Amino acid sequence: MAHLARTERDALCDTLVQAGPEAPTLSGRWRAADLAAHLIVREGRPDLAAGVALPPLSGRTERAMERLVRDTPFAELVERVRSGPPVWHPTRLAPVDEMVNLVEMFVHHEDVRRGGDDASPRRLSADMTHALASRLRLMGPLLARGVTGVSIHLVTPTRRTRLGTGQDPVVEIHGHPGELLLFLFGRREVAEVELVGDPAAVQTLWDAPLGM
């Protein structure tokens, strides 16, 4: 089986090199160098990475990232991302890497690509599309947990997945799996999706908090 997470990691690193350390991304105020530092801290220092999900600890995470960016040449940052996690990390095992890192690498790759001048979707392989569709089914409820007042139907070319109880007005989100994941991770403005439903319900979904 293809190691898609590894392939996507390499592609992300190639794009980082091409973009340069100061390139903007879709990850808030992070530049390309900040995004690389985030990935290094996330994989190498789980004690410091907790601040990504836990706001009270965010200061420690940000300071660790700032030190990395300040003290490490950008080319070295990228190579550390490319080399992957430490030998003790569970994602050194390919099946774990596929489950944990495929979407992380895909979303951040698009953060760099579409944060610059190239906002167009890539042409993804059938294997990649299938893998992202599987992650979408698993992650969709988590990513949309902050949505209230509407039910969501995720509609890809091959499948419809319902999120929510079905008691609220339905908004359909049409698109390919990767684009739906980008939307649900909060990259609304660049995700190539179509929202179908009552205009008030569509606006409710657009304004709702999405992502991890």
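**Entry 1: the cavity lining**

I sorted the residues that line the largest cavity and got 3 nonpolar, 2 polar and 2 charged. Here Ala, Val, Leu, Ile, Met, Phe, Trp, Tyr, Cys and Pro count as nonpolar, Asp, Glu, Lys and Arg as charged, and the others, Gly among them, as polar. The model is predicted, so local features need pLDDT of at least 70 and side-chain atom pairs pLDDT 80 or more, while totals for chains, interfaces and linings use all residues. Residues are numbered from 1 along each chain as its sequence is written, and side-chain values use heavy atoms, without hydrogens and water.

Which residues line the largest cavity? I noted Ala 133, Leu 136, Arg 137, Leu 154, Thr 156, Arg 159 and Thr 161. Lining residues have an atom within 4 Å of a cavity point; a cavity is a set of points on a 1 Å grid over the protein atoms alone where a 1.4 Å probe fits but cannot get out. Helix H7 (residues 126-143) gives the most to this lining, with 3 residues; a helix is a DSSP run of H or I, at least four residues.

**Entry 2: the aromatic pair**

My search of the whole structure gave 1 aromatic pair. The ring centres of Phe 183 and Trp 206 are 6.0 Å apart with planes at 55°, so I logged the pair as tilted. Rings of Phe, Tyr and Trp (its six-membered ring) pair if their centres lie within 6.5 Å; planes under 30 degrees apart are stacked, over 60 edge-to-face, the rest tilted.

Buried or exposed, I wondered about Phe 183? Phe 183 is buried, at 0% relative accessibility, whereas Trp 206 is partly exposed at 33%. Buried means under 20% relative accessible area, exposed over 50%, partly exposed in between (1.4 Å probe, protein chains only).

Notes: On a 1 Å grid over the protein atoms alone, a cavity is a set of points where a 1.4 Å probe fits but cannot get out, and a pocket is an open set with protein on both sides within 12 Å along at least five of seven lines; lining residues have an atom within 4 Å of a point. Helices (H or I, at least four residues) and strands (E, at least two) are DSSP runs, numbered from the N terminus.
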